[in-house]
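Please brief me on this structure.

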Amino acid sequence: MQQILCFGELLLRLSPETGWPGQGNMSSYVGGAELNVAMALAGWQLPAAVGTALPQNPVSDLVRNYLKSAQVSTDYILTKEGRIGTYYLTPGADLKSAGVVYDRAYSSFALLQSKDIDFDSYLNNTRHLHLTAISPAVSSSAAALCLELVKAAAHRQIPVSLDLNYRSKLWQYGKSPIDIMPEIAQYADFIMGNIWAAGQMLGIRPAPKADQTMDPEPLAAFAKDSAERVIKAFPNCKKVGYTFRFNAPENEAAVRYFGALYQEGTLFCSPQKDYSGITDRAGSGDCFMAGLLYGQYAGLTGQDKVDFATAAATGKFYENGDHTKQSLQMVEKRMQSLKSS
């Protein structure tokens, strides 16, 4: 059975809670941007796999079993020396906040090299390859591997999607995103991120006037302009997805959100809404990406794709942990509610 292969580092997330360390209160979750996409797709009945590297130890066995229980294929997980990468994030905090702490040096994924993978067999049952800009930030060898992997996928006419996640704390090996990401993006059929990430990662900078205080109409115009320039600069790319997620002006604990999808010359936007009472901000962008991929393979219209993705992403706000456990029926119900509001 052909899989949607989500390739990147699997992580353990540790969330210190009130009373830690004296009272020992710490929640743990399995996460990672690519894993989050695979978990969502598998929950929506699309065959999905995680491609990564893990050490041989009992914790890795527990993680593999956890993925299998969620119907995510582990056939693409390689065994390699090193460790499982971790990160620390307080409950409710944003992954882009100053409070996130990464502990990923010398992980099995960071040590992975192109010579460790036989691309013919690795991509044999792959329907679609998804990766993010987080993986090339982990190490120079991971960046080189990502480039070789997207080249191998393109050579085999396997569609590639790329999420322009920017994690400034990870780019520590002497390269910046603009040195690495444009070459990888050449092979992507589908690019997702936001208008500012497109500037940082690909050099497609938004107009200076674009800022977070704007109404959705002018932001949508900036999104359309950015997407058109991305497609012109990277001709293999046929679709661009953008999210707009800001703190709500009236309540900084709430989030103002809408999504956009550009395809075939048209920009589709979901309604903008404010979301309060948020449980966890981590993983919402991955949920949006998964929603767009689901829409693509389920044959949804452009408008329904972005509405489904937005419903999934905003539903993730109210779940603990990195990945969603929303069923397809839950997302579809939320999608109809958002469209009618």
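T126 is found in strand β9, residues 126–132; helices (H or I, at least four residues) and strands (E, at least two) are DSSP runs, numbered from the N terminus. The model is predicted, so local features need pLDDT of at least 70 and side-chain atom pairs count only at pLDDT 80 or more, while totals for chains, interfaces and linings use all residues. Residues are numbered from 1 along each chain as its sequence is written, and side-chain values use heavy atoms, with hydrogens and water left out.

- Apart from neighbours within four places in sequence, T126 is in contact with Q2, Q3, L5, Y76 and I158, where contact means heavy atoms within 4.5 Å.

- Helix α1 covers residues 33–43 and contains L41.
- Of the 11 residues of α1, 10 are buried, and the helix is mostly covered.
- The buried residues of α1 are A33, E34, L35, N36, V37, A38, M39, A40, L41 and A42.
- L41 counts as buried because its relative accessibility is 0%.
- Not counting residues up to four places away in sequence, L41 touches I4, L46, A48, A290, L293 and Y294.
- The C-alpha atoms of L41 and G291 are separated by 7.9 Å, although the two residues are 250 residues apart along the chain.
- Q45 follows α1 and has a positive phi, near 70 degrees; Q45 is a residue other than glycine.
- Q45 is found in the loop between α1 and β4 (48–54).
- With a relative accessible area of 58%, Q45 is exposed.

**Helix α9**
- Because 11 of its 15 residues are buried, α9 is largely enclosed by the rest of the structure.
- The buried residues of α9 are S284, D286, C287, F288, M289, A290, G291, L292, L293, Y294 and G295.
- G299 follows α9 and has a positive phi, near 75 degrees.

**Helices α6 and α7**
- Helix α6 (residues 177–185) packs against helix α7 (residues 195–202) at an angle of about 100 degrees, with the axes 7 Å apart.
- This angle makes α6 roughly perpendicular to α7.
- Angles under 35 degrees count as roughly parallel, over 145 as roughly antiparallel, 65 to 115 as roughly perpendicular and the rest as oblique.
- Axes are lines fitted to C-alpha atoms, for helices over the stretch in contact, and angles run from 0 to 180 degrees between N-to-C directions.
- On the α6 side, P177, I178, M181, P182 and A185 meet Q200, M201 and L202 of α7.
- The residues of this contact divide into 7 nonpolar, 1 polar and no charged; Ala, Val, Leu, Ile, Met, Phe, Trp, Tyr, Cys and Pro count as nonpolar, Asp, Glu, Lys and Arg as charged, and the others, Gly among them, as polar.
- α7 is mostly covered, with 6 of its 8 residues buried, and these are I195, A197, A198, G199, M201 and L202.
- The cover over the buried residues of α7 includes α6, β11 (190–193), α8 (216–233) and β12 (239–248).

**Nonpolar cores**
- The largest nonpolar core has 69 residues, and F7, L129, M181, L202, V230 and Y242 have the most contacts inside it.
- Helix α5 (residues 140–155) gives the most to this core, with 9 residues.
- A second, separate core has 47 residues, including I77, F268, F308 and A309.
- A nonpolar core is a set of buried Ala, Val, Leu, Ile, Met, Phe, Trp, Tyr and Cys residues joined through side-chain atoms within 4.5 Å.

**Helix α10: T310**
- T310 lies in helix α10, residues 302–316.
- T310 is buried, with a relative accessible area of 1%.
- Leaving out residues up to four places away in sequence, T310 touches Y257, G259, S270, F288 and L338.

**Loop β13–β14: E264**
- E264 lies in the loop between β13 (251–263) and β14 (266–269).
- The phi of E264 is positive, near 50 degrees, in a residue other than glycine.
- E264 counts as exposed, at 76% relative accessibility.

Note on methods:
Buried < 20%, exposed > 50% of the residue type's maximum accessible area, 1.4 Å probe, protein only.
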